[in-house]
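Please read the following report alongside the sequence and the coordinates.

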Amino acid sequence: KKSEAWSALFSEPMSELVQRYTSSVFFDKRLAQADIEGSLAHAEMLAAQGIIGSQDLADIQRGMAQIRSEIEAGSFEWKLALEDVHLNIEARLTQLVGDAGKRLHTGRSRNDQVATDVRLWLRGEIDLIDGLLTDLQKALVKIAGENVDAILPGFTHLQVAQPVSFGHHMLAYVEMFARDAERLADLRRRVNRLPLGAAALAGTSYPLDRERVARTLGMEGVCQNSLDAVSDRDFAIEFTAFASLAMVHVSRFSEELILWMSQNFGFIQIADRFTTGSSIMPQKKNPDVPELARGKTGRVVGHLMGLITLMKGQPLAYNKDNQEDKEPLFDTVDTLKDTLRIFAEMVGGITVRREAMEAAALRGYATATDLADYLVKKGLPFRDAHETVAHAVKTAIAEGVDLSQLPLATLQQFNPEIGDDVFGVLSLRGSLEARSTLGGTAPVQVTAQIARHRARLGD
Ligand code: ARG
């Protein structure tokens, strides 16, 4: 059947190519439940203000209930010719309830409608993502708690630096995800504001009660400028920026898991259900999940770039460009949710190979700083101590041994103050325990941090 002209003003129907180009229903139908929720709140307010009759409201409610169940049952017929989710639902409503359906759009535009829908939908997703961030943090705190005194070589420049607790290392990621959750809670306040009532761009001549609609929808308040209300997409950009940062944190963690799993490190194993084999090399177990997460980080950062670029040249107020906000936003939400969920599970399937980590920590003179600190306690200025230990390390390297394996007599050639108690200082465990400043890697500190996180996460 040939499609109809947009309205009496038009002399011909839209070309089929243009219809396909401009329609969004195949992706924005995802907003259907939010669209219905927003319409019901709007209709209820219209009736309370005497703008539509109470019978109209009842008809709209009945029609929307049916549409809801048709969508849930998958029997709702989405039509490309009706462009987007909003026009599809409104057309079906009118089909079901007649004139009341035609009254729903009083004092409203798709411009304030779509901005409201996206915000409502995103708010729901934000709350799910907040829960997933909590789950991931709990999983990390758990593995940290099991590995407070497992010793890992800490790196700077990927060169062995100083021994750290594996639990401490896990808690570094907990801090990152906790900050992500803070950012999310903060931006939620700006997402949760109501554009409806801005109408097309200038407000409307009907006596709308915008505050009432905001209350019905559980929003914190109304957008205070109609032009801004219909054209602002900062909330989506902010969300995508948050998501990019959370993915970057996942990506750094992924990189470490991949390294630690490599035969050259051998620090951890990831449960088989999170790894994949090779079609040619029978010996392989590949860390595909962290690798994909690292890759998907690029995709999410790309969405941030896409959205922010989408905004940069737009004059006020609404422009159709904004229809392009949805696919990147939807994909960002999907990618982040899947990633957080799989990581929370995967962390629970990590086996820590303590001996391999300790052996690696012993290979890089990780306790050299401890020897310098020991000499400082004997009265040497730190710079001199640093130089003295450099000589000691050079000798140890030449002999192919660790500092702790040099005989006391050899050590005393570098400084006669060195005594028998040096060997405790040179041990990995001694080094770990010595770093007990607040936030340091000493087991007492790590244990205290774990308790703090557990209380914070309600764990
Ligand atoms: N599908 C549109 C969007 O996603 C809805 C708003 C369209 N408004 C308009 N005046 N064409 O942005």
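## Basis of the model

This is a predicted model, in which local features need pLDDT of at least 70 and side-chain atom pairs count only at pLDDT 80 or more, while totals for chains, interfaces and linings use all residues. Residues are numbered from 1 along each chain as its sequence is written.

## Domains and their contact

The chain is assigned domain 1 (16-106), domain 2 (111-147 + 166-194 + 223-353) and domain 3 (359-457), with bounds that come from an automatic or database domain assignment. Taken over C-alpha atoms, the centres of domain 1 and domain 2 are separated by 32 Å. Ten residues from domain 1 and eleven residues from domain 2 make up the contact, where two residues count as in contact if their C-beta atoms, placed from the backbone, lie within 7 Å.

On the side of domain 1 that touches domain 2, helix H2 (25-28) and helix H3 (32-48) each supply at least two residues; helices (H or I, at least four residues) and strands (E, at least two) are DSSP runs, numbered from the N terminus. H3 gives the largest share of that side, four residues. Sorted by class, the side of domain 1 that touches domain 2 holds three nonpolar, three polar and four charged residues, with Ala, Val, Leu, Ile, Met, Phe, Trp, Tyr, Cys and Pro counted as nonpolar, Asp, Glu, Lys and Arg as charged, and the others, Gly among them, as polar.

## The ligand shell

Around the ligand stand Ser-24, Asp-28, Asp-84, Arg-110, Asn-111, Val-114, Lys-320, Asn-322 and Gln-323, a residue being near a molecule or strand if its C-beta atom, placed from the backbone, lies within 6 Å of it. Because domain 1 (16-106) and domain 2 (111-147 + 166-194 + 223-353) both give residues to this shell, the ligand shell lies between them. Helix H7 (residues 110-146) gives the most to the shell, three residues, and by class the shell has one nonpolar, four polar and four charged residues.

Strand S1 (residues 151-156) and strand S2 (residues 159-165) run antiparallel and are joined by six bridges, where two strands pair if DSSP finds at least two bridges between them. S1 and S2 form a hairpin with two residues between them, and His-157 in the turn has a positive phi of about 60°. Thr-156 stands opposite Gln-159 in S2, and Gly-154 stands opposite Gln-162 in S2.

In helix H14 (residues 354-363), the buried residues are Met-357, Ala-360, Ala-361 and Leu-362; a residue is buried if 20 or more other C-beta atoms lie within 10 Å of its own, exposed if 12 or fewer, and partly exposed in between, with C-beta atoms placed from the backbone. Their cover includes S1, S2, helix H8 (166-191) and helix H19 (428-434). Tyr-365, which follows H14, has a positive phi, near 55°.

## Ala-32 in helix H3

Where does Ala-32 sit? Ala-32 has its place in helix H3, and Ala-32 is buried, with 23 other C-beta atoms within 10 Å. Not counting residues up to four places away in sequence, Ala-32 touches Ile-71, Val-85 and Ile-89. Ala-32 and Trp-121 are 89 residues apart in sequence, yet 9.2 Å apart in space, C-alpha to C-alpha.
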